[in-house]
Amino acid sequence: MPDSVFLRNELSIRFIQALKLLSLPTMPSHMDTAMAPIIDKYLQHLYLLSSTPQLSTNENIQSFIDVINEIQQSHLDTLCLFASTVNTHSSLLDNKPTLNPSFYEKFYLLNMSSALLMNEFISLSKSRTNLVKSIDLLDTTSMIAQESIHAFKSKGLKCPDINVLDLNESVKTNALYYEPHLKSILYELFDNSIKATIKTHSSMNHLPPIQVKIAAGNEDVSIQISDQAGGIPLSKVSTLWSRNLVFHKLTKSKPFGTNLASCNLMAKYFGGDLSLVSMEGLGTDTTLHLHQLGDHAVENLSDIHGVEVEDSSTWLLNLLSKQ
């Protein structure tokens, strides 16, 4: 089964690349002991992958599917352990960055892409359903908007209306995208705008609505969310994108989209972007840009492109020989 062979090779490369990052000389010495259990987790993932038999029979393929299910759950535990470790050390250092920002970005993208590959493989194995698919942006954005409103109203909170408009009235605006990522990003953006609107206009009986516009060009499709929640001071805008925040408050139920910094990386993964323009005293426009991917989704993950399994395996053997 070609997909199985591809997945085994790709996951091996990505897990070894993650191990490389955890073993860099730039890793703070005070974190060596704390990172040891996390390194062991990745070694366990690699052992499971390498111990699966040749994928030449249906029985062996089913065994491989079971292994991927096991790794998928363990991988989420590994990320939660990493996030907890980093956040603990950060608090001990008075919330100063524990690791280099580029480390967070590379480590996040490697693990997010690994999770995506496993989720897609498991979905195809169970129901032959692709998670990367053409998505109706108006329907999906409207659904997430209403679910976000319901979440606040179910807590007894008043909530602004969210008006969603597709500027391409004659043709539906679709995008080929990974649906769980799109939903995570939209939930985060709506959550931020709703909270800010409630906080800024708490004394008002009727809250100013949040306006959403969807537009499609020759290369990109964009979703712009505009609120009237008072805006953000310019001095604070840059901190919203800090790569040091991408693993902040990570949980198994929200392993990747927990704040604007992680949503920004999530958007960049398939060649998109997330931008923010704020006018203090008025409100904020946040725009999700999605690349028109055509028939195939292409990862923005240059660090592993061209890396061979053999190269990664040689590095791993050198690491194990030193332990």
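Lysine 195 counts as partly exposed, at 47% relative accessibility. The lysine 195 side chain meets that of aspartate 191 in a salt bridge, with N and O 3.1 Å apart. The structure here is a predicted model. The chain has 323 residues, and 46% of them count as buried. Its secondary structure comes to nine helices and seven strands.

- The average pLDDT of the chain is 84. A score of at least 70 is reached by 85% of the residues.

**Salt bridges**

- How many salt bridges does a search of the whole structure find? The search finds six.
- One of them joins lysine 172 to aspartate 136, where the closest N and O atoms are 3.3 Å apart. Lysine 172 sits in the loop between strand S2 (162-166) and strand S3 (174-178). Aspartate 136 belongs to strand S1 (residues 132-136), so the pair ties together parts that lie 36 residues apart in sequence.
- The two ends of this pair differ in their surroundings. Lysine 172 counts as exposed because its relative accessibility is 61%, over the 50% cut-off. Aspartate 136 counts as buried because its relative accessibility is 13%, under the 20% cut-off.
- Glutamate 179 and lysine 183 form another salt bridge, at 4.0 Å from N to O. Both residues lie in helix H6 (residues 179-200). They are four residues apart there, about one turn of the helix.
- Lysine 183 has a relative accessible area of 25%, and so is partly exposed.
- Salt bridges also link Lys133, Glu179 and Lys183 in a network.
- Why are aspartate 191 and lysine 195 separated by about one helical turn? The reason is that they are four residues apart in helix H6. Aspartate 191 is partly exposed, at 22% relative accessibility.

**The five-stranded sheet**

- Five strands make an open sheet with mixed pairing. Their order is S2-S4-S5-S7-S6.
- Which strands are at the edges? S2 and strand S6 (273-279) are the edge strands, and each pairs on one side only.
- From one strand to the next, the twist averages 15°.
- Strand S4 (residues 210-216) and strand S5 (residues 220-226) run antiparallel and are joined by six bridges. Alanine 216 has valine 221 in S5 as its bridge partner.
- Helix H5 (residues 137-153) packs on the sheet. H5 touches S2, S4, S5 and strand S7 (283-291). The directions of H5 and S2 make an angle of about 175°.
- S6 and S7 pair over seven bridges, in the antiparallel sense. Serine 278 stands opposite threonine 284 in S7.
- S6 and S7 form a hairpin with three residues between the strands. In this hairpin, glycine 281 takes a positive phi near 100°.

- Threonine 287 is placed in strand S7.
- Is threonine 287 buried or exposed? Threonine 287 is buried, with a relative accessible area of 11%.
- Beyond residues up to four places away in sequence, threonine 287 touches Ser222, Ile223, Gln224, Asp273, Leu274 and Ser275.
- Threonine 287 and isoleucine 214 are 73 residues apart along the chain. Their C-alpha atoms are separated by 9.6 Å.

**Helices H6 and H8**

- Helix H8 (residues 260-269) lies across S6 and S7. H8 runs at about 135° to S6.
- H6 and H8 also meet each other. Their axes come within 10 Å and cross at roughly 145°. The crossing is left-handed.
- Which residues meet where H6 and H8 come together? H6 contributes His181, Ser184, Ile185, Glu188, Leu189 and Asn192. H8 contributes Leu260, Cys263, Met266, Ala267 and Tyr269.

Technical notes
Residues are numbered from 1 along each chain as its sequence is written. This is a predicted model: local features need pLDDT of at least 70, side-chain atom pairs count only at pLDDT 80 or more; totals for chains, interfaces and linings use all residues. Side-chain values use heavy atoms; hydrogens and water are left out. Helices (H or I, at least four residues) and strands (E, at least two) are DSSP runs, numbered from the N terminus. Buried means under 20% relative accessible area, exposed over 50%, partly exposed in between (1.4 Å probe, protein chains only). pLDDT is the predictor's confidence in each residue, from 0 to 100. Two strands pair if DSSP finds at least two bridges between them. Axes are lines fitted to C-alpha atoms, for helices over the stretch in contact, and angles run from 0 to 180 degrees between N-to-C directions. Contact means heavy atoms within 4.5 Å. A crossing is left-handed if the near helix is turned anticlockwise from the far one by less than a right angle, and right-handed if clockwise.
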